[in-house]
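Q: I would like to learn how to read strand pairing and aromatic contacts in a model. Could we go through them one at a time?

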Amino acid sequence: MIQIKQLEQKIISILLDSERPLQLVELSKHLGIPAESNEYKTLKKVLQQLCDSKILIKSSRRRFSLNSFVGETLVRGTLRIQHGKGLLFVNGKKEPITIKRKNLYTGLDGDKVVVKLLGFKKHNRQYGEVIEIISRSEHYISGTIERDANFYFLIPDNEKYYLDFLVPASKLKKAKNGDKVRARLISWDNPHKNPIAEVIEVLGRSGETTLESETIIREFNLPQTFPDSIIKETETISDRIPSSAILRRVDLRKKLIITIDPVDAKDFDDAVSFETLPNGNYLLGVHIADVSYYVSEKSEIDREAFRRGTSVYLVDRVIPMLPEKLSNDLCSLRPNRVRLAYSVEMEFDEKFNLVDYRIFESIIKSKKRLTYEEVLEFLTSNRQPKNELETLLQNLNRFAQNLRKKRLSFGGINFETVEVKFVLDESKNPIGSYLKESNIATQLIEECMLVANKTVAEHIQFLKKKFKLKAELPFVYRVHEEPEEGKIKSVLFFFKFLGVKSKNLVSSKAINKFLEQFENKPEKPIVHQLLIRAMQKAQYSADNIGHYGLGFQYYTHFTSPIRRYPDLVVHRLLKKYNSGNPEKSELDRLQRFVEIASEQSTEREIVAMEAERESIKLMQTILTSKNLGKTFSGTISGVTNFGFFVVLDEIYAEGLVSVRDLIDDYYIFDEKNLSLVGRRKGRTFRFGDRVNVVVIESNVEKRKITLRLVD
């Protein structure tokens, strides 16, 4: 028997979608309710109740429509769960709608829902309640089975699943108390009861490092292997490059071309060359693996690459976008191997202005594979170059630093971020951690890739003029919106509260000037982190709006086709446009495809980033579990109404000091100033403060670290 509340919600949802009022018989068809059935009588009764309460209007022609005020208060969107509350992201709205835990109904992360707006909270943020689930996302939940009397529950690992799942005994698949499992949501219709799930795979005993890492793969539904059809198609690709492919390319095999990558890299998709021309100008060459030669459009490999969107770099493993034969061998620009490439050669004058360029298919042979550590060691040694390779590094470094200086002066933001890296033993267990920071070696490659990506994006504008088109050429851009004024103002207010002088940061140049005053000061990482949080997230788009963070009007991703699908699409588009102006029908097809590819690639990038973040948290909890009871100094990295997070010195793990454990006072969360303030004594804990804490618990399964303040 259909529930009255559910029926009301479905009626409202149907009318919200409809462009015209609907008759009773039309509504019954939408709902799948047969005429003259008991449910049909219930439908008529519910419609009358909705009319009596002014939610619906019944016309003289016996048609039903939503009252205007109801339509204005109902919105649709994708629900996201963060820290136990809901956020509804609606197209056209920059700020999400906040939904309290009690108002989530049966909504889960990723579901498409209808939300009724309830009003505004402070900072003019809207809040609401879920009134209907339009469609469920696929929910695969990793967690631990716990038995309570005669009932079995799945305790989720990921906090986005904010309650436990009931698992019927018949759906356990032989899982026992304490087993780590992967399960699937079966149903959840009543918010006052637990959702029901079934076990689809028993993974093993909870807490083992390898198992917990594999749990992350399943949690984010990442592929662990390639389908047989992909492997078979890959096996048909020849290792030999035919002479026809070589003859039609520019031969750069005699050039001094090198790769510079992390020490553990296996997929080398970019290489560089550099020389001074007879006219005194500089010629920078960026040579990228020509993946599009091996992966043809609509092939099985291409479809799989589209689905994956990107390679995922977990701490203990890589989940590649392409099969290993391509990613680590045929496409990888390994030293002393002949490889097909797509090259961008750019000529710069003595003031580092781009004066000419060409983009072409090439054949190369990398002369040397270098690591960032090797390059950094040479560049900081201040010794004179002993050979042609060292001369190239010295000259290229000087050139890259000048490019960087010019880019920042024209509006690129000089944000500095740090990345936590781990030292693993033979069993992939973490035995130490360290911070990886930007340096002149990484900046050398970064600036070369940035200017190549920029040049390719600007080339599309040249082609548009060449083809005499009014509309834009279909293309995948990497875009970054300007930050919202309200977020910047909040950060500025916080800086003033700390006693830091700051003017209105209305431009990227103003932000750079502001950041300069923190160089070599202890507050530097805090200031950078706060401003980064205030920025919008970069994404892929068929519509160019520029890249605010880099200060570029046109920007794309061209330099990593082994590990990013958008780069592969960009290569194909360049080749297609190089052969002439496509017909209108082809342009229309390409436009539809780049829109789909941009959206898919952005979504897969978000999934990859979240999985990588969880992988880091897992390793941090494992490392911290070896330090239970130890006292650390640390820095407050986040403040919420339930406590504050602290990044520990030495091991760089982040844990929570719960507000419940701050027993010396009653603490109130000051959201505007990112602080917790004691009501009686006025003691304050704010973002960036230094504190001493002791490790109380490190829950590997939940990837959570519990800390307690040490006075």
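Predicted model: local features only at pLDDT ≥ 70, side-chain atom pairs only at ≥ 80, totals over all residues.

Q: Which strands close into a barrel, and in what order?

A: The barrel is closed by 5 strands in the order 27-28-29-34-33, with mixed pairing. From one strand to the next, the twist averages 50°.

Q: How is a pair of aromatic rings described?

A: The description uses the distance of the centres and the angle of the planes. In this model the count comes to 17 aromatic pairs. One of them joins Y162 and W188, whose ring centres are 6.3 Å apart and whose planes stand at 55°, so the pair is tilted. Because Y162 lies in the loop between strands 10 and 11 and W188 in the loop between strands 12 and 13, the pair ties together parts that are 26 residues apart in sequence.

Q: Are Y162 and W188 buried or exposed?

A: Y162 is buried, with a relative accessible area of 16%, and W188 is buried as well, at 4%.

Q: Which residue lies over the face of Y140, and which has its charged end over the ring of F226?

A: Over the face of Y140 lies R182, at 4.4 Å from the ring centre, while the charged end of R308 sits over the ring of F226, 3.7 Å from its centre.

Conventions
Residues numbered from 1 in each chain as written. Heavy atoms only, no water. Pairing = 2+ DSSP bridges. Helix = DSSP H or I, 4+ residues; strand = E, 2+ residues; numbered from the N terminus. Axes fitted to C-alpha atoms, helices over the stretch in contact; angles between N-to-C directions. Phe/Tyr/Trp six-rings, centres within 6.5 Å; stacked < 30°, edge-to-face > 60°. Buried < 20%, exposed > 50% of the residue type's maximum accessible area, 1.4 Å probe, protein only. Lys NZ or Arg CZ within 6 Å of the ring centre and 35° of its normal.
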